[in-house]
Each structure stands twice: as C-alpha cells, then as structure tokens.
Amino acid sequence: MLETERLVLRPQVVSDAAVFHQLWTERDVRVPPHRQLSSDGRPTVADIAAQIQDASETSKPGLLTVQRKDDAAVLGYCGLVFTGNGAPDEPELAFELLRAVHNRGYATEAGRIVIEWAHRSGYPRLWATVWDWNVASRRVLQKLGFRDTGETHGESVHGRSLLTVLDVDRPQ
C-alpha cells in the first residue's frame, strides 16, 4: 500500500470491478477497440472482477486502486505494467481515473508515489505510452518527468500512441 496526503494506493479487490467498469464506459471514442466495451457489453463487471481475482494471485505489484483518503471513494487505478515497452526491469506506468475527478491533481499525485516506490525498488527506468490527442495525460506525464522518445507505439485513424520514458535514478 502506498499513501500520499490525499490518496491511498492499494491492491485491487473484486469490489473495485464496478468502478473499473465505469472507466470502460467513459473512455474516449478514439481509444482503440480492444480498450472499449464491445457491442455485447464486454467486459462486464463480472469479467473485470474475474480479472482482478486472477491478478491477485500473481506476485508482481501491478496496478493499484487509487482511493481518496477522506471518503474512501475509489477513483481509478495507477501502477506498473510489466508487459510494456522496456526490459523486464523497466515496467510501464499506467493510470486511469474517473472523469468526475479529473483536473484535481490526483493522477499526478498517484503517479508520483508510484515513481517513488519504483525508485526505492530499484527500477532504473519507467515507460509510458499516451495518445497524441490525450493532452491531459500527456501533461501528467510531463509533470512527472517523462520525456517523449520521438517513437510511436502504434497508430490508428485517430492518432499516434507516443512512447515516453523516465530515468528513475535521474533527479527530476
């Protein structure tokens, strides 16, 4: 568990599935189809709950639930993904929060504590991908010290997925 002044980042539990499903419903239409609800409504809350249950059986830290301290509201997730762009010891930072809590600094605050944890854990570098049209997430990554590599991770009719990097050991 990680804590900031306003947030607790904790392992995901099955009861988080309803909020994570809401994240799927709020995604921008430009997000690739595999990250949007399918025409038959998948993933369902039950599908997401099963994924959380399966993930809880692994030993890697993974994605953490972001919860507000004052009222325990689940806001989304932030953490590390180990199937990203770098070497096995260079995970990818990922975050997604409910639209209702955007523009309050929560993503930056959550990202910062995850980066601090990554530094203490010995990860030398973190990666992150972000769509060129996702100005808010690009701004968060910039505040956290990520720099654009000039490479893309994918393209669609809606834009390019930009690859960013942060040298964790280098002061920001």
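Modeller: Let's start with Arg125, which is partly exposed at 28% relative accessibility. Here buried means under 20% relative accessible area, exposed means over 50%, and partly exposed is in between, using a 1.4 Å probe and protein chains only. Please keep in mind that this is a predicted model, where local features need pLDDT of at least 70, side-chain atom pairs count only at pLDDT 80 or more, and totals for chains, interfaces and linings use all residues. Residues are numbered from 1 along each chain as its sequence is written, and side-chain values use heavy atoms, with hydrogens and water left out.

The partner of Arg125 is Glu90: their side chains form a salt bridge with an N to O distance of 2.7 Å. This pair joins distant parts of the chain, 35 residues apart, with Glu90 in the loop between S4 and strand S5 (92-97) and Arg125 in strand S6 (residues 125-131). The strands (E, at least two residues) and helices (H or I, at least four) are DSSP runs, numbered from the N terminus. A salt bridge is a side-chain nitrogen of Lys or Arg within 4 Å of a carboxyl oxygen of Asp or Glu. As a general point, side chains of opposite charge can pair when their charged atoms come close. Glu90 has 12% relative accessibility and therefore counts as buried. The pair also belongs to a network of salt bridges that links Glu90, Arg125, Arg147 and Asp167.

A search of the whole structure gives 13 salt bridges. One of them joins Glu3 to Lys69, with 3.1 Å between the closest N and O atoms. Glu3 is in strand S1 and Lys69 in the loop between strand S3 (63-68) and strand S4 (74-81), so this pair ties together parts that are 66 residues apart in sequence. Glu3 is partly exposed, at 45% relative accessible area, and Lys69 is partly exposed as well, at 37%.

Another salt bridge brings together the side chains of Asp70 and Arg68, at 3.5 Å from N to O. Asp70 is exposed, with a relative accessible area of 66%, whereas Arg68 counts as buried at 16%.

Thr4 is buried, with 13% relative accessibility. Apart from neighbours within four places in sequence, Thr4 is in contact (heavy atoms within 4.5 Å) with Lys69, Glu109 and Ile113.

Now to a histidine: His158 sits in the loop between strand S7 (147-156) and strand S8 (159-167). His158 is partly exposed, at 38% relative accessible area. Its contacts, again leaving aside neighbours within four places in sequence, are Val29, Arg30, Asp132 and Trp133. From His158 to Trp131 there are 27 residues in sequence and 8.9 Å in space, C-alpha to C-alpha.

Finally, a look at two helices. In the contact of H1 with H2, Ala17, Ala18, Phe20, His21 and Trp24 in H1 meet Val45, Ile48, Ala49 and Ile52 in H2. These residues divide into 8 nonpolar, 1 polar and no charged; Ala, Val, Leu, Ile, Met, Phe, Trp, Tyr, Cys and Pro count as nonpolar, Asp, Glu, Lys and Arg as charged, and the others, Gly among them, as polar.
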